[in-house]
Amino acid sequence: MTDTLLALLILTGAMFTFIGSLGLARLRDFYTRLHGPTKATTLGVGCLLIASALFFSLRDDGASLHEVLVTLFLFITAPVSAHLLAKAALHLKVRSLAPTPRAGDAQTTDRG
Amino acid sequence: MRRLLPHPLLSVSLIVLWLLLVNELSTGHLALGALLGWLIPFATSRFWPEQIRIRHPGVLARFLGVFAVDIVRGSFHVAWLILKGPAHLRPVFVEVPLDVETDLAISLLANTISLTPGTVSALLSGDRRTLIVHTIDSDDPAALVAEIKQRYEAPLKQVFEEGNT
């Protein structure tokens with residue numbers, strides 16, 4: 001029973017991570033590509049970590065909660081790096097499918 | 001009290017973080033965690049000028065619930081969009097006018113937006129009044145802005161800013 005559950009979690013995690021990477025390859029401009037990897041880290045890695053926590057908690061008695069930390073660190077770092085990448089792209093005026101916001105805004109953030 | 005223990009919340013988080021890091025619960029590690037939990041906020045207190053207070057724990061809990069549901073829902077949505085192919089996407093930049101003012105609330109809002117699939121916060125305007133958000137697919141940008149403000153910004157403002165401003 002638990003094996004089935006673990007397998008399901010791992011497969012779901014792997015599938016989302018794969019789709020995230022697929023998005024990186026398939027999508028057409030920098031900004032939409034940015035969505036692929038940030039999504040993969042949230043749900044895909046989330047599933048893998050739940051599976052890992054369950055597996056180690058059931059195998060060696062006593063909860064294994066390391067994984068909570070991995071999730072926490074990912075949740076702190078992933079959006080920050082995505083934000084910085086997007087911000088840098090706006091400054092560099094990377095080609096975008098969506099009309100980019102007024103140039104004035106991009107300028108003023110040097111102080112921001 | 002304020003001088004000796006400048007950030008009680010930070011101290012408690014550091015103790016919990018330490019216990020998770022060593023992955024065991026024992027008196028020794030609890031003591032070591034408590035020492036770190038006191039020493040680190042004390043040594044770095046100049047980097048944390050604002051006192052952080054959480055006002056409505058219930059609102060915070062509900063916010064975290066909404067956040068978790070949105071991550072799952074949004075992930076499926078974005079996965080479907082990627083599989084369907086890039087030709088159908090309607091990416092847009094939207095400008096979200098901000099009501100939150102403190103550093104903490106703004107960064108939490110920006111992080112929340114980036115973590116919920118489909119949106120990435122891209123830029124904070126120089127006057128800190130507007131957050132520019134890139135969304136992968138939207139047919140109604142105005143509705144998206146309203147949703148962000150109502151789902152994420154309102155609870156964050158209530159929890160971290162009410163009474164501070």
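Modeller: B:Leu123 stands opposite B:Ile132, which belongs to β3(B). This is a predicted model, where local features need pLDDT of at least 70, side-chain atom pairs count only at pLDDT 80 or more, and totals for chains, interfaces and linings use all residues. Residues are numbered from 1 along each chain as its sequence is written, while chains are lettered from A and ligands numbered from 1 in the order in which they are written.

Colleague: What makes β2(B) and β3(B) of chain B a pair?

Modeller: Two strands (DSSP runs of E, at least two residues) pair if DSSP finds at least two bridges between them. β2(B) and β3(B), residues 130-135, have five bridges in the antiparallel sense, so they meet that definition. B:Thr119 has B:Thr135 as its bridge partner.

Colleague: Why are β1 and β2 of chain B called edge strands?

Modeller: The open sheet has the order β1-β3-β2 in chain B, with antiparallel pairing. β1 (92-97) and β2 (119-124) each pair on one side only.

Colleague: How do you know that β2(B) is largely enclosed by the rest of the structure?

Modeller: A residue is buried if 20 or more other C-beta atoms, placed from the backbone, lie within 10 Å of its own; it is exposed if 12 or fewer do, and partly exposed in between. Six of the six residues of β2(B) are buried, so this strand is largely enclosed.

Note on methods
Helix = DSSP H or I, 4+ residues; strand = E, 2+ residues; numbered from the N terminus.
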